[in-house]
Amino acid sequence: MDSESIKTEVVKQVKTQYAMDNARQLIEKINEHCFDKCVPKPGTSLSNSEQTCFTQCMEKYISAWNQVSTTYISRLQREQ
């Protein structure tokens, strides 16, 4: 392998790891915020209202996360 292909492979691995870390953080934040908000008394299963609350909270959180990420990436690209 030449140095350019090694560099390309390393950059690819770093981007993949970064994406995995972001996904992990997103899941952790959703669990923290939405579970605490929607499941006041944890039991063996979720009620229908808890499931609905959790789903809606998760969708809102992901939407907000995507908006922030898109805006941040756009800003970074403009600054380069």
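A disulfide, as I count it here, is a pair of cysteine sulfur atoms within 2.5 Å.

**Entry 1: the count.** I am working from a predicted model. With that cut-off I get two disulfides. Numbering the bonded cysteines along the chain, I read the pattern as 1-4, 2-3.

**Entry 2: Cys34 and Cys57.** I looked up this pair and found the sulfur atoms joined at 2.1 Å, S to S. Which parts of the chain does the pair tie together? Cys34 belongs to helix α1 (residues 3–38) and Cys57 to helix α2 (residues 48–79), so the bond ties together parts 23 residues apart in sequence. I then checked the torsion about the S-S bond of Cys34 and Cys57; the value is about -80°, so I noted this disulfide as left-handed. For burial I needed the cut-off of under 20% relative accessible area. Cys34 has 0% relative accessibility and is therefore buried. Cys57, at 11%, also counts as buried.

**Entry 3: Cys38 and Cys53.** In this disulfide the sulfur atoms are 2.0 Å apart. The pair links distant parts of the chain, with Cys38 in helix α1 and Cys53 in helix α2, 15 residues apart. The torsion about the S-S bond of Cys38 and Cys53 comes to about -65°, so I wrote this disulfide down as left-handed. Are the two cysteines buried or partly exposed? Cys38 has a relative accessible area of 5% and is buried. Cys53 is at 21% relative accessibility, so I list Cys53 as partly exposed.

**Entry 4: Glu50.** I turned to Glu50 next, which sits in helix α2. What does the side chain of Glu50 reach? I found the backbone nitrogen of Ser47, at 2.8 Å.

Technical notes
Residues are numbered from 1 along each chain as its sequence is written. This is a predicted model: local features need pLDDT of at least 70, side-chain atom pairs count only at pLDDT 80 or more; totals for chains, interfaces and linings use all residues. Side-chain values use heavy atoms; hydrogens and water are left out. Helices (H or I, at least four residues) and strands (E, at least two) are DSSP runs, numbered from the N terminus. Buried means under 20% relative accessible area, exposed over 50%, partly exposed in between (1.4 Å probe, protein chains only). A polar contact is a pair of N or O atoms within 3.5 Å; within protein, one must be able to donate a hydrogen and the other to accept it, and residues adjacent in sequence count only if both atoms are side-chain atoms.
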